[in-house]
Amino acid sequence: LAHRRARPARCAVAMASERVVLVAGAGCLTGRSVCNELRRAPGVDLAALAPEELFLATNDDGRTLAADARPFAGGSVDALVIATDEAPDAQDVASLVSAAACSGAQNIVFYGRIGKANAALAALGDESTAWAEAETACLENCGDAVATILRTGELKGGPYYRLDVDTMRAQTAAVVDTERSITLAAADPKAKQKGFGGSRSAVARLAAVALDASKSRIIDATTGEGAAPSEDSLRASLNELPPAGTVSEAAELSRALETRTTGEPFSPEILAPWTASQKPKVVNPLLAPPAVSGPYWGAIALFVWGSWLASLNWSWCNVPFAVDPNSPFHARFEQLDTLCVWDPDTRTGRPSEANDLSLGYETVIKNQIRRVTGDETAPKARANAPKSWDRVVK
């Protein structure tokens, strides 16, 4: 019995020696992928911030988030990873990072987006500015912790696509998931991600590597076809990179780190934005993938084209092959002879002044008069007809 009682105590000591890593955004595709990778890392006690109901959601491998990480309710952490699919609120990032630094976090990893912020496109749904603000909030509030910003392309694939009803998105995810090659480079605003997008499964591996970083950096992480690099090679590549790839990026990093501060420890108010159920984001259909945005852009193009045609005030009289008596197609449009006048000198047609009513309109009027009076030439009918009716009935 004494022996059996001693074993839990030794397990508790072992657990206490593990590094507590907190993943914020664990309920989304990127955060869930990061948790899937960190659960394999040795010496990691993994905690997660996600809506309560998502801890029981199974991924494509049949695993739940609860099987990989425990819900975080507060306390101290050794490292923080923020991995979201959409740009998080900058103030929420600032509060969480500050609390993590205050609780003793030595390393902070933030998954951002490559490219230059464009505030002019924010009204159309572009998130580049929001990502940049969240990134700055992380750097300015990390205290004495080492902050690693991992800028990626728009990420595709992940752990929840096997049952996706959007077959096009599921097929794209299946293709991108096979891209395991990772390229690390110092941050450059002109960096681009090739192909459909970045592989979420590939860049999720970088969190474990970045937790061992010795100094703060901003890194561009892109993926492509090829075999997955080893963890040692990724760690070596990361450590060899300068803090940033351009003078402007280096200056921004230096400025942010010089102003960094620490604030209050974890509290329910700080954790609430990261554990609340998220409402589906309203996406601008014009900025959606072609399968969704295509019909909208097509309707807009047809409307503009139709408006342009209407502004020309065209009629069949403006169609040369229909009104030209010498045209081989004129026989099919003989009814236009009473509506249009052909000018052989200019080889153009114009509406006839003797008859400004279309044949269709003329037929409708005659049918209405016959139905009411039985005689389209009756005095009553002629009195109620349009002024141009005299020319029609002659």
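This is a predicted model: local features need pLDDT of at least 70, side-chain atom pairs count only at pLDDT 80 or more; totals for chains, interfaces and linings use all residues.
Good morning, colleagues. The values I quote are computed from it.

I begin with the whole protein. It contains 16 helices and twelve strands. Of its 394 residues, 43% are buried. The protein exposes about 21,900 Å², and carbon and sulfur atoms supply 56% of that area. As for contacts with a separation of 6 or more, 71% of them are accounted for by residues 24 or more positions apart.

Let us turn to the sheet. In what order do the strands of the open sheet run? There are eight of them, arranged as β3-β2-β1-β4-β5-β6-β10-β8, and the pairing is mixed. At the edges stand β3, residues 70–71, and β8, residues 181–186; each has a single partner strand, so one side of each lacks a neighbour in the sheet.

How many of the residues of β2 are buried? Six of the six are, so this strand is largely enclosed by the rest of the structure. Val44, Leu46 and Ala48 point one way from β2, while Asp45, Ala47 and Leu49 point the other way, and all are buried.

Helix α2, residues 29–38, is mostly covered, with nine of its ten residues buried. Those buried residues are Leu29, Thr30, Gly31, Arg32, Ser33, Val34, Cys35, Asn36 and Leu38. The C-alpha atom of Asn36 is separated by 9.3 Å from that of Arg63, a residue 27 positions away along the chain.

Which residues of α10 are buried? They are Glu249, Leu253, Ala256 and Leu257. Viewed down the axis of α10, the buried residues fall within an arc of 95°, so they line one face of the helix. The general principle is that an α-helix has 3.6 residues a turn, so residues three or four places apart point the same way. On the other side of α10, Val247 and Glu258 are exposed. The cover over the buried residues of α10 includes α5 (128–140), β6 (146–152) and β10 (217–224). Two of these, β6 and β10, also belong to the open sheet I described.

I come now to the aromatic rings. A search of the whole structure finds three aromatic pairs. One of them is formed by Phe110 and Trp131, edge-to-face, at 6.3 Å centre to centre and with 65° between the planes. Phe110 lies in strand β5, residues 107–113, and Trp131 in helix α5, so this pair ties together parts that are 21 residues apart in sequence. Both Phe110 and Trp131 are buried. Another pair, Phe321 with Phe329, is also edge-to-face, at 5.9 Å centre to centre and 75° between the planes.

Finally, a hairpin. Strand β11, residues 340–343, and strand β12, residues 348–351, pair in the antiparallel sense over four bridges. Trp342 stands opposite Gly349 in β12. The two strands form a hairpin with four residues between them. In the loop between β11 and β12 we find Arg347. Its phi is near 55°, a positive value in a residue other than glycine. As a general point, most residues other than glycine have a negative phi.

That concludes the presentation. Thank you for your attention.

Definitions and conventions:
Residues are numbered from 1 along each chain as its sequence is written. Side-chain values use heavy atoms; hydrogens and water are left out. Buried means under 20% relative accessible area, exposed over 50%, partly exposed in between (1.4 Å probe, protein chains only). The arc is that of the directions from the helix axis to the C-beta atoms. Contact means heavy atoms within 4.5 Å. Two strands pair if DSSP finds at least two bridges between them. Accessible areas come from the Shrake-Rupley method with a 1.4 Å probe; for residues, only the protein chains shown count as cover. Rings of Phe, Tyr and Trp (its six-membered ring) pair if their centres lie within 6.5 Å; planes under 30 degrees apart count as stacked, over 60 as edge-to-face and the rest as tilted.
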